[in-house]
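User: I would like to go through the labels on this model one at a time. Please set each value against its cut-off.

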Amino acid sequence: MHALYTGRVHPGEDAVVFLSHSGQTEECIAPAKLLKEKGIHCLCIVSQPDSALAKLCDGHIHYGNLEVKEKFDVIPTGSIIVQELISNAILYEVIERNGITKEVFKSNHPSGAIGETLKSS
């Protein structure tokens, strides 16, 4: 959300993706409302297609009920794994469709662990 508050999210150019198992998470719903008011496209990955967040967003991916029992019925373990899988699949597709090369990726990651790994390749 740092990008929102610094004006780095631009209507018509950017989209924000929210991850929420229940789709009822106020920490996602409140900023999604603010972004929508500013004309930013909002997407979400949730378990329930009729959740408040899914209804608010311009588009959603829902993965349904998990057969995994979450610890204490509140610690999101299985849902995080599912959301990570979906997010990585989307990322891979975005890279492929936009023809992002290793050189372009490398230029956007000059430091950190990824940057250091790419420097040696």
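User: What should I know before reading the values?

Analyst: This is a predicted model: local features need pLDDT of at least 70, side-chain atom pairs count only at pLDDT 80 or more, and totals for chains, interfaces and linings use all residues. Residues are numbered from 1 along each chain as its sequence is written, and side-chain values use heavy atoms, with hydrogens and water left out.

User: How many helices and strands are there, and what makes a run count as one?

Analyst: The chain has six helices and three strands. Both are DSSP runs, numbered from the N terminus: a helix is H or I over at least four residues, a strand is E over at least two. In sequence order the pattern is α-β-α-β-α-β-α-α-α.

User: Why is Ser51 called buried?

Analyst: Its relative accessible area is 2%. Buried means under 20%, exposed over 50%, and partly exposed in between, with a 1.4 Å probe and protein chains only. So Ser51 is buried. Ser51 sits in the loop between strand S2 (41-46) and helix H3 (52-56). Across the chain, 26% of the 121 residues count as buried.

User: Which residues does Ser51 contact, leaving aside neighbours within four places in sequence?

Analyst: They are Ser22, Gly23, Gln24 and Val46. Contact means heavy atoms within 4.5 Å.

User: How do you know that Asp58 and Lys36 form a salt bridge?

Analyst: The N to O distance is 2.4 Å. The rule asks for a side-chain nitrogen of Lys or Arg within 4 Å of a carboxyl oxygen of Asp or Glu. The pair therefore qualifies as a salt bridge. Asp58 lies in the loop between H3 and strand S3 (59-62), and Lys36 in helix H2 (residues 26-37), so the pair ties together parts that are 22 residues apart in sequence. Asp58 is partly exposed at 41%, and Lys36 is partly exposed at 29%.

User: How many salt bridges does the rule give, and which others are there?

Analyst: The count is three. Glu93 pairs with Arg97, with the closest N and O atoms 2.7 Å apart. Glu116 pairs with Lys119 at 3.1 Å, N to O.

User: What makes Glu93 and Arg97 about one helical turn apart?

Analyst: They are four residues apart in helix H4, so about one turn separates them. Glu116 and Lys119 are three residues apart in helix H6 (residues 112-119), and are likewise separated by about one helical turn.

User: Why is Arg97 called exposed, but Glu93 partly exposed?

Analyst: Arg97 has a relative accessible area of 68%, so it is exposed. Glu93 has 35%, so it is partly exposed.

User: Which residues form the nonpolar patch, and what makes it a patch?

Analyst: They are Ile61, Ile90, Val94, Ile100, Val104, Phe105 and Ile114, with about 500 Å² of accessible area together. That area comes from the Shrake-Rupley method with a 1.4 Å probe; for residues, only the protein chains shown count as cover. Patch members have over 30% relative accessible area and no salt bridge; nonpolar side chains (Val, Leu, Ile, Met, Phe, Trp, Tyr) are joined within 5 Å, like charges within 9 Å. Helix H4 (78-97) and helix H5 (102-107) each supply at least two residues.

User: Why is Phe105 called partly exposed?

Analyst: Phe105 has a relative accessible area of 31%, so it counts as partly exposed. Phe105 is found in helix H5.
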